[in-house]
Amino acid sequence: MTKRTECLQTELEVLDWVKNGMTIAIGEPHPMALIRQIIRRGVRDLTIICSGLGLDHLIAAGCVTKTISYYAGGGAGVPVVPSFRGAAERSEIEVWECEEGILTTGLEAAAKGLPFLPWRGGVGTSLTDVNTDLKLFKDPIEGETLIAVPAIKPDITILHAAQSDAYGNIQHHGGPGWLDLFLARAADKVVVQVEKVVSNDEIRANPWATTIEAADAVVYAPWGAHPFYSRGYYLQDVPYVRDYLAHAEKARTGEPSGLQSYLDKYCVIPKTHVGYLETIGTERLLSLREF
């Protein structure tokens with residue numbers, strides 16, 4: 001009988017896979033422990049498939065040259081996240097315009113090994129003028145005008161989940177983030193950081209809870225989504241997020257020192273996720289517990 005291969009790795013080991021110029025897809029809730037490690041390593045020229053504040057952190061740190069995102073907002077009261085907005089306005093990043101259906105269609109094409117798949121949403125709008133990678137064509141069966149969405153293929157997808165065994169069998173609490181499965185199926189490699197590593201017996205006891213099987217690497221990272229939420233474990237650290245947004249907005253309008261100090265304190269100086277948790281402090285972390 002063939003022995004199963006364990007895929008547990010440290011954040012330092014798994015980030016050796018991330019190279020300049022790659023396309024990296026990021027799920028939700030954001031795997032912030034791994035995002036901070038990307039920033040810490042100074043990786044550059046990335047195409048990032050992501051939304052919201054995780055994307056904004058990477059742009060603020062200068063890691064990104066192209067974004068593929070259906071939503072670049074930061075939640076209530078923040079329709080467009082500051083670093084994304086500033087970089088787009090200054091033409092420092094390429095923005096690949098899309099919405100949810102186009103993004104999932106491109107990911108599905110990559111997962112199926114196809115050059116493109118058709119999509120109806122956006123026909124009759126200026127979307128194909130804004131994003132010239134999207135091509136109008138006539139459906140050869142019905143003659144309907146559709147959009148050909150090219151395959152969107154990440155080199156690596158990084159996700160956050162509740163738990164896994166040592167063999168890459170992943171279980172999300174309450175189901176995966178809605179894009180996670182699309183991102184996982186499309187990628188060459190899948191890395192998942194988890195709150196807990198459990199036995200294979202525990203995974204097998206509830207097989208229907210397994211959302212992703214045979215991930216390429218699993219990273220044990222409790223509190224790894226902080227400052228964002230992790231379902232079943234902790235809530236979003238709202239004051240922390242507001243603090244980041246305030247610094248990022250000031251940087252966008254010409255006062256970058258506060259944002260750089262933030263990135264240094266939380267993303268550069270702590271060399272590992274454990275160091276980051278020490279910076280945040282036990283009292284603050286435990287105040288976010290989801291009971």
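Q: How much space lies in the largest pocket?
A: In this predicted model, about 250 Å³ of space lies in the largest pocket. A pocket is an open set of points on a 1 Å grid over the protein atoms alone, where a 1.4 Å probe fits, with protein on both sides within 12 Å along at least five of seven lines. The volume is the space filled by probe spheres set on the points, joined across faces, edges and corners.

Q: Which residues lie nearest its centre?
A: Ile59, Ala60, Ser83, Arg90 and Glu92 do, out of 19 lining residues, where lining means an atom within 4 Å of a point.

Q: And which helix gives the largest share of that lining?
A: H4 does, with four residues. Helix H3 (52-60), helix H4 (82-89), H9 and H10 each supply at least two; helices are DSSP runs of H or I with at least four residues, strands runs of E with at least two.

Q: How do the lining residues divide by class?
A: Twelve are nonpolar, four polar and three charged. Asp, Glu, Lys and Arg count as charged, Ala, Val, Leu, Ile, Met, Phe, Trp, Tyr, Cys and Pro as nonpolar, and the others as polar.

Q: What about the second largest pocket?
A: About 210 Å³ of space lies there. Of its 13 lining residues, Glu28, His30, Gly52, Leu53 and Phe228 are the closest to the centre. This lining has five nonpolar, seven polar and one charged.

Q: Changing topic, how many bridges join S6 to S7?
A: Four bridges join strand S6 (residues 135-138) to strand S7 (residues 145-150), and the two run antiparallel. Strands pair if DSSP finds at least two bridges. Lys138 has Thr145 of S7 as its bridge partner.

Q: What lies between those strands?
A: Six residues lie between S6 and S7 in this hairpin, and Gly143 in the turn has a positive phi of about 80°.

Q: Which conventions apply?
A: Residues are numbered from 1 along each chain as its sequence is written, and side-chain values use heavy atoms, with hydrogens and water left out. As the model is predicted, local features need pLDDT of at least 70 and side-chain atom pairs 80 or more, while totals for chains, interfaces and linings use all residues.
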